[in-house]
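Subject: Structure handover

Hello,

Here is the structure I promised you. Please open it alongside this note, and have the sequence at hand.

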Amino acid sequence: MTHFQGTLLIAAGVILLLVAVSAFGAWLKLAAVDGHPHPLIDNLNQRIQAWWVMTFTIVLALLAGRIGVVVLFAFVSFTALREFLTIAPTRRGDHQALVMAFFVVLPFQYFLIGVDWYDMYSVFIPAYAFLFLPILSAIKSDTRNFMERTGTIQWALMITVFCISHVPALLSLRIPGYDDRNVFLIVFLVLIVQSGDILHHVCSRYCGRRQIAPQVSPNKTVEGFIGGIAAAVALGMLLSWMTPFTVGEAALVSLAATLMGFFGGLVLSAMKRDRGVKDWGTTVEGGSGMLDRVASVCFAAPVYFHIIRHWWSV
Amino acid sequence: MQQAGTPGGNYYKTRHRMPERMLHTTEFLRRPVPETVSWALTRFTRLITGAQARWLGCAPVPVQRIYFGNHNSHADFALIWASLPVALRRMTRPVAGADYWEAGALKRYIIHEVLRGVVIARSREEGGAEPVDIMAAAVRAGDSLIIFPEGTRNTTDELLLPMKSGVYHLAQQCPQVDLVPVWMDNLGRLLPKGEIVPVPLLCSISFGAPLRLQPGEDKEAFLARIRAALLATRAAAQPEET
């Protein structure tokens, strides 16, 4: 199958799927709750709305090629970093560290991804930003909550810049017999993780009984967890033709990605609870933040990247 | 929280859209350079703060008002200015300290030509008229004002500094004008005092319920109400607990 045929097939499939879930969401809203506000169903419809936007943006970026994908995810990182630091407990003394984070660390990380300098982009934030940003804060000589502040800035960069940048980094992996089709690795990851998310949501809604961490998120249940993972693994096996994996390998990779995605959502919910907010922001259509939508991808991307890099790439 | 008797948001949208556009065009043709700078400043401020104005206690209608806000950053100034719909912005003048804004040609240009600010001497030793008289004169001329009753930027961990008495004397001279509290969140982090480069953290700006000086109200009681109005606006803007 050529690149072009594959792209068409995926685009057609995703759009059909979106039409189907949009119809399902509209049906739920009308039939189940008679058009009245309902937190779970409204949340579902917001997610569906966000996916339409997400799908068209990703398709546009893919058409623009490698640069398009890198710029798209740099923008995603910027928005997510902004949302994260907005509710972070930083003080005046951290101002220069924040300026560096937004205007130097983030663009440089994506520059490194763009020029495919793996040795540098895999250590730039974990080692160099980690060491230099606290220096900028310490020089200002404000020690109140210093440990919490520096920890939070580093955490923000790790999750919103370092982790997300592993999605466009997939384009640079060299996999024998899989030339020029790396973009499908991104499509596969996003599809698997996002469908895990939504199936989790639907299963929790209809047969959710046992909550996993009620203090963190009342919407995460054991039933949703099992349903979401089963669905994502099944979808992964169905889509294995677009990847370098066999059907069995696709199942394992999907399992790893969707597990990480699930726990990513859990960890970021815990952070929101700690800061007393419901959503990360209002950037995405429907009132929630960018980080609410990409939390699962943040956690899944580095693990997915390294699995492929270790076992498939040369 | 719609105030009884004030026209609501829909009134504003339907009745003022066309005149606003025409006003914009004619003003632009009359003063192209300051209008362009003003447009760019407004866009830039909205982009970098990500803030959407929330009119919680009053509607964005072009009536004369005195907007008073909490003061954490130079960006406060720009954000209130940028958050006002253009018809309101045209009739609104920020009150600015001469010591900062009169220093340098660029600042002078921006404060006089772009923002059309009311520039006052912060301390009496600088001579000239009483600051409150200059502000009251602008109000009598029909302009709305933007003031910061704390008098200076708050760099402490407190929510508000003690209110200066200027707002009381201004209210005494203009008892017929509504004072509208404006609460801004996060701007002190976006551009702290002494910094040049802003970080693009998300900010919020909320307009609360207007108040006026009551007959016979003394200074302490009025300043306490000013402070309470700011804090009430802050409370109203907090996201609901879930």
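A helix here is a DSSP run of H or I of at least four residues, and helices are numbered from the N terminus. By that count, A:R293 sits in helix α11 of chain A. Please keep in mind that this is a predicted model.

**Chain A: helix α11**

Helix α11(A) covers residues 290-311, which is 22 residues. From first C-alpha to last, the helix reaches 31 Å. That is close to the 32 Å expected at 1.5 Å a residue. The helix has a kink of about 35 degrees at A:A300.

Is A:R293 buried or exposed? The cut-off for buried is 20 or more other C-beta atoms within 10 Å. A:R293 has 23 of them within 10 Å, so this arginine is buried. One distance for orientation: the C-alpha atoms of A:R293 and A:P218 are 18 Å apart. Along the chain, 75 residues separate the two.

**Chain B: overview**

Chain B has ten helices and seven strands. Of its 242 residues, 37% count as buried. Take the contacts in chain B between residues at least 6 apart in sequence: 74% of these join residues at least 24 apart.

**Chain B: the sheet**

What is the strand order in the sheet? The order is β1-β7-β6-β2-β5-β3-β4. The sheet is open, has seven strands and shows mixed pairing. Its edge strands are β1 (53-55) and β4 (118-120), and each pairs on one side only. From one strand to the next, the twist averages 25 degrees.

Strands of a sheet pair through backbone hydrogen bonds, either parallel or antiparallel. Both kinds turn up around β6(B):

- β2 (residues 65-69) and β6 (residues 178-185) of chain B run parallel, joined by five bridges. B:R65 has B:D178 as its bridge partner, and B:F68 has B:P181.
- β6(B) and β7(B) run antiparallel, joined by four bridges. B:W183 has B:S206 as its bridge partner, and B:M184 stands opposite B:I205.

Helix α10 (residues 219-237) of chain B lies across β1, β2, β6 and β7 (204-207). The helix runs at about 50 degrees to β6(B).

Two packed helices are described by the angle between their axes and the distance between the axes. Helix α8 (residues 166-173) of chain B packs against α10(B) at about 105 degrees. Their axes are 9 Å apart. Angles of 65 to 115 degrees count as roughly perpendicular, and α8(B) and α10(B) are therefore roughly perpendicular to each other. On the α8(B) side, the contact is made by B:V167, B:Y168 and B:A171. On the α10(B) side, B:K219, B:F222, B:L223 and B:I226 make the contact.

Best wishes

Conventions: Residues are numbered from 1 along each chain as its sequence is written. Chains are lettered from A and ligands numbered from 1 in the order in which they are written. This is a predicted model: local features need pLDDT of at least 70, side-chain atom pairs count only at pLDDT 80 or more; totals for chains, interfaces and linings use all residues. Two strands pair if DSSP finds at least two bridges between them. Helices (H or I, at least four residues) and strands (E, at least two) are DSSP runs, numbered from the N terminus. Axes are lines fitted to C-alpha atoms, for helices over the stretch in contact, and angles run from 0 to 180 degrees between N-to-C directions. Two residues are in contact if their C-beta atoms, placed from the backbone, lie within 7 Å. The expected span of a helix is 1.5 Å times one less than its number of residues. The bend at a residue is the angle between axes fitted to the seven residues ending there and the seven starting there. A residue is buried if 20 or more other C-beta atoms lie within 10 Å of its own, exposed if 12 or fewer, and partly exposed in between; C-beta atoms are placed from the backbone. Angles under 35 degrees count as roughly parallel, over 145 as roughly antiparallel, 65 to 115 as roughly perpendicular and the rest as oblique.
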